[in-house]
Amino acid sequence: MGEKVPDKLVGRVEKTFAYDSLRLRVPEIITRIIDGVHRGWPEFDKEAKKESSDIINRLAAIKYDLEHNRALVPVSDGAPDCHLWNEILANETALLDGKAPAYFDTAWLYSECFIYRKIAEAFAFSPSFKFYDWFGKQKRKAYEESLEASCLLASSVCEMASEAPSQKMFCKLLKICLWGNKCDLSLSGGSPSSQDKDPFEQLNSLDENILRNDAEDIWDLLTKNTEDTFHLDVILDNSGYELVTDLLFCFYVMKLFCYTKVVLHCKQYPWFVSDAVNHDVHWTLYQMSNSGNESLAQVSKCLTQHLYETNRLRIIADTFWTLPCSIDAMKTYDKLLYRELSNSNLVVFKGDLNYRKISQDREFDPTQSFNPGFHVPICAIRTLKADTVFGLPAEKVAFARRSG
């Protein structure tokens, strides 16, 4: 018999990351959104001012329901994904004999995602805020505060891309993508989180903190490809500095391996504070091209050409990445995405939320093996924040526990 699959993480267990997120971080994030709408009030026109009051009331109600562990209520904004959320809620309610799940008592992945979807709903009823990103200012600030580090990194990557492909350099660049994931605004409740040092200079000192490293396997998968095209899908996480590292990685791969085609998958809604939406990717490319830095501009020009001329690069906002589901449910809730990823040679999952979708957000023993059952090769690049993790060597688990 195989190992027992553990239960999913829930928010009611005190002294866990899940509990702290629902009890502390998420209410603080909602408060910051309310404050952001308040601060923007003088710039709003008459209709937007009226709508902003309604938005604030809806956000305050979400926060109240969360803090008092109220039952989840259906999504009612009529968006294309509305029926999926309500289908999932109906299924969860049926499992509880007709009683709707409450925020702290249901699976943490489900309840936390549900909160962010209700935040989106709070703005959806207000036409003046149709294109409003309630996390936009923080994301733009995070990019700007990391600009110096981004320039240094771009210079190094452009130099690497002008030389012959190197496994050593490729693996270094994957580490850069890994440590870029530390810049997560949802972890800080929306407070500044940026990169302000030369990333390559930091790599060696951070190596001991890597708990599992399969970078050489990824290199082999890319370089031993026998097909005419290598299809690489990257499931993005944070905007700001981390997105810059992801774009530089794509630039390097596409520059040195001309048979690669890349799809960047972003979020459909502003999500978990710093997660990248379609606009963030285009905005970042534009900022890179106008940064005054030759290397950033070179990378932006190359990727933009692949985006609009060669079709080697695509940017897609998939519904699935904001659904409260793990990847084993993709075939049920997003058959189109499932079929598209069937053509992929490698799917790279960035960040904590995407890892939670891989692990089904279960409370594994860190050394326990687990097969996510996905239908193509996957790679997870994530700095550990949430409690779920599997497949680690025992000595690395012991080291992590000694390190606190």
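Q: Which residues does Trp321 touch, not counting residues up to four places away in sequence?
A: The model is predicted, and contact here is taken as heavy atoms within 4.5 Å. With residues up to four places away in sequence left out, the list for Trp321 includes Ile235, His265, Cys266, Lys267 and Trp271.

Q: Which element gives the most residues to the largest nonpolar core?
A: This core has 72 residues, and Leu59, Ile115, Ile119, Phe123 and Trp321 are those with the most contacts inside it. Among the elements that give two or more residues to this core are helix H1 (17-40), helix H2 (46-67), helix H3 (82-95) and helix H4 (108-124). The most, 11 residues, come from H4.

Q: How many residues does the second, separate core have?
A: In soluble globular proteins, nonpolar side chains tend to be buried together. Ala154, Leu222, Tyr241 and Val348 are included in the second core, which is separate. That core has 63 residues.

Q: Which element supplies the largest share of the lining of the largest pocket?
A: The largest pocket has a volume of about 1200 Å³. Of its 39 lining residues, Leu178, Arg212, Ala380, Ile381 and Arg382 are the closest to its centre. Elements that each supply at least two lining residues include helix H9 (215-223), helix H15 (351-359), strand E5 (378-381) and helix H16 (394-403). The largest share, five residues, comes from H7.

Q: How many residues of the lining of the largest pocket are nonpolar?
A: The lining also holds five polar and eight charged residues. The nonpolar residues of the lining number 26.

Technical notes
Residues are numbered from 1 along each chain as its sequence is written. This is a predicted model: local features need pLDDT of at least 70, side-chain atom pairs count only at pLDDT 80 or more; totals for chains, interfaces and linings use all residues. Side-chain values use heavy atoms; hydrogens and water are left out. On a 1 Å grid over the protein atoms alone, a cavity is a set of points where a 1.4 Å probe fits but cannot get out, and a pocket is an open set with protein on both sides within 12 Å along at least five of seven lines; lining residues have an atom within 4 Å of a point. Grid points are joined across faces, edges and corners, and a volume is the space filled by probe spheres set on the points. Helices (H or I, at least four residues) and strands (E, at least two) are DSSP runs, numbered from the N terminus. Ala, Val, Leu, Ile, Met, Phe, Trp, Tyr, Cys and Pro count as nonpolar, Asp, Glu, Lys and Arg as charged, and the others, Gly among them, as polar. A nonpolar core is a set of buried Ala, Val, Leu, Ile, Met, Phe, Trp, Tyr and Cys residues joined through side-chain atoms within 4.5 Å. Buried means under 20% relative accessible area, exposed over 50%, partly exposed in between (1.4 Å probe, protein chains only).
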